[in-house]
Amino acid sequence: MIPFRKNLIDGEWVGDAGSRNINPSNLDDVVGEYASGDAEQARQAIAAAKAAFPAWSRSGPLARHAVLRKASDEITARKDEIGRALAREEGKTLVEGIGETVRAAQIFDFFAGETLRLSGELVPSVRPGVGVEITREAVGVVGIITPWNFPIAIPAWKIAPALAYGNTIVFKPAELVPESAWTIVDILHRAGLPKGVLNLVMGKGSVVGQAMLDSPDLNAITFTGSVGTGKRVAAASVEHMRKFQLEMGGKNPLVVLDDADLAVAVDCAINGAYFSTGQRCTASSRLVVTEGIHDRFVDAMKDRLGKLVVGDALDAKTQIGPVVDQSQLKQDEDYIAIGRQEGADLAFGGERLDRETRGFYLQPALFTQATNAMRISREEIFGPVANVIRVKDYDEALAVANDTPFGLTSGICTSSLKHATHFKRNSEAGMVMVNLPTAGVDFHVPFGGRKGSSYGPREQGRYAAEFYTTVKTAYTFTG
C-alpha cells in the first residue's frame, strides 16, 4: 500500500494528495504520495509559527533538550529503516543513506546538548555603578528551504539549531525527497513539540517557497540550493530586512602534486568526485594534477572507475547509485556533450546504463585534456562527472584551484608539509582538506564557503548560533 503523507500546520496534519515520489533506481516503484501545499497553507504555517514563538522562545532549556534528545534517540533506533527509505527516494546507496541518517541523529544530539550550554557575558561598564549583560535571544520565525541531495542531514542541521535556540519554523523541503522530510517532522512532532513550533509545507518552490519569500512575518530564511534561487532569496530578504543564510554551489578543486601518495590521491578523487553519484556541493569536480604524476594518476583513475559497481541503490553491492531524476540526468549528459565540444577528451564513461529495473543510471565520466576556462571547469554539473586539468607545478595548481567563482571546499594530496601548510592558508575556500576527499565533513564544526558558494554565518556546530540568535546588550544602573 502506498502511504499518503500530509503537511503539518499548527499541530495538525492537513492537505490533499498532490504528488508522487518515484524511486530513481526503479521507476515502477512509488515511494509515497504527498500533500502539495499552496500559498495559503504557507501563510497559515507562518501565522502558526508566529503565534507559537513567544512561548517557545521563553521555554526552559530542559524542554528543548528533551525534544531534541528524543528525536535523536528515535532516529538512531530507526536508522536502517529511515536510511533505506532515503536511499529509495534519493538514489544514494544504502550504506550512504544509513550513514546520513546516523549523522542526522548526531546533529540532534549535539544541539540537545547546546540547549544546556547557552551562555552570555557579564562585563564591567566604563561608567561607575553600571552593569552590562550580553545575551543571545532567538531571532524569531525561521523559514527553512532544503535541497534534495541530503534529504535528512541538511534539514537536521537547520532544524536542530533553530529549535535549540528557541525559534519557530516553517519548513519547505525539496519536492523530490518528501519522505525524509516528513519523517523527521513526524519524529519531532511526536517528541513533544508544542503546536505551531514546527510546520511542514511540502509543495512547489514557485508556490510555497515564493509565499515564504513574500511574507513580512518571517524573521530569517536559511536556504541551501542553486545559485540562481539563492539570489532570489537574498533579494526578497533584503526587501523585508530579514536575516538570510545561503549555501549554494561549488566547483571544488582537488590538487594532486607529484609527491602525493598515488593510492591516497585516487581514493580521494574517486570518493570526492563520484560517491553519492557526484550530487554533492562539496564534490571534487576539478582534479588539478601536476605533470610528474598526471599520466599515472589518469591511468589509475580509469582502472578504478572501471571497477565501480553502478546499480540499484538498495543493492548491497552497489557503489554508485542512479542520478536523482530525468532532469538531472539530462543536465549531466548535456555537460558531457559540452565538454567534448570544448575539446576535452572523454577518457572514461559518460554513457547511459541499463540495469534490471528502469532507472536513471549513468556511467561515471572522466575528462582529460581539460582547461580551467572550459564550461565543464567553470559551472557546477552536480553529477558523476569530473575533469583533469594538467598543470606544471604547485604554484600553477594553486592559481588554477582559486580561479573559480565558487569557494566552498578544496583539497590537496601531497607528502610535503610545506605545500600542505601553504595551501591551507592560501586556498580561497571555506573548508580545506589535506589528503582527504573534499566531500565529507564533521557535524560539530562550521560548514560553509566563500565567494559564490555561501553567504551569511556558517552552519553547524556552535557557529550556528550566529544565524539563529540575535545579540542583546542590557545595561543596569546599580546605584
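**Labels and cut-offs**

Reader: What is Leu 163 in contact with, leaving aside its neighbours within four places in sequence?

Author: Leu 163 is in contact with Trp 56, Arg 64, Leu 68, Ile 169, Leu 188, Leu 193 and Val 197. Contact here means heavy atoms within 4.5 Å. Bear in mind that this is a predicted model, where local features need pLDDT of at least 70 and side-chain atom pairs count only at pLDDT 80 or more, while totals for chains, interfaces and linings use all residues. Residues are numbered from 1 along each chain as its sequence is written, and side-chain values use heavy atoms, with hydrogens and water left out.

Reader: What makes something a nonpolar core, and how many residues has the largest?

Author: The label goes to a set of buried Ala, Val, Leu, Ile, Met, Phe, Trp, Tyr and Cys residues joined through side-chain atoms within 4.5 Å. The largest one has 61 residues, and Leu 163 is among those with the most contacts inside it, along with Phe 108, Phe 111, Ile 159, Phe 171 and Leu 188. Helix α5 (residues 153-164) gives the largest share, nine residues. Helices are DSSP runs of H or I with at least four residues, strands are runs of E with at least two, and numbering goes from the N terminus.

Reader: How do you know that this core lies between domain 1 and domain 2?

Author: Domain 1 (4-248 + 453-477) and domain 2 (253-434) both give residues to it, so it lies between them. The bounds come from an automatic or database domain assignment.

Reader: Why is Glu 247 called buried?

Author: Buried means under 20% relative accessible area, exposed is over 50%, and partly exposed is in between (1.4 Å probe, protein chains only). Glu 247 has 4% relative accessibility, so it counts as buried. This residue lies in strand β12 (residues 243-247) and touches, not counting residues up to four places away in sequence, a set including Phe 223, Leu 408, Phe 447 and Glu 459. UniProt, in an unreviewed entry, places the feature "active site" at Glu 247. Its annotations may be inferred rather than shown by experiment.

Reader: What about Asp 10, is that buried or partly exposed?

Author: Partly exposed, because its relative accessibility is 31%. Asp 10 sits in the loop between β2 (7-9) and β3 (12-14), and has a positive phi of about 55 degrees although it isn't a glycine.

Reader: And why does Phe 382 count as buried?

Author: Its 15% relative accessibility falls under the cut-off, so buried it is. Phe 382 also has a positive phi, near 65 degrees, and is found in the loop between α12 (375-378) and β17 (385-391).

Reader: Where does α1 bend?

Author: At Ala 51, by about 30 degrees, with Pro 54 following within four residues. The bend is the angle between axes fitted to the seven residues ending there and the seven starting there. Among the buried residues of α1 are Ala 52, Phe 53 and Trp 56.
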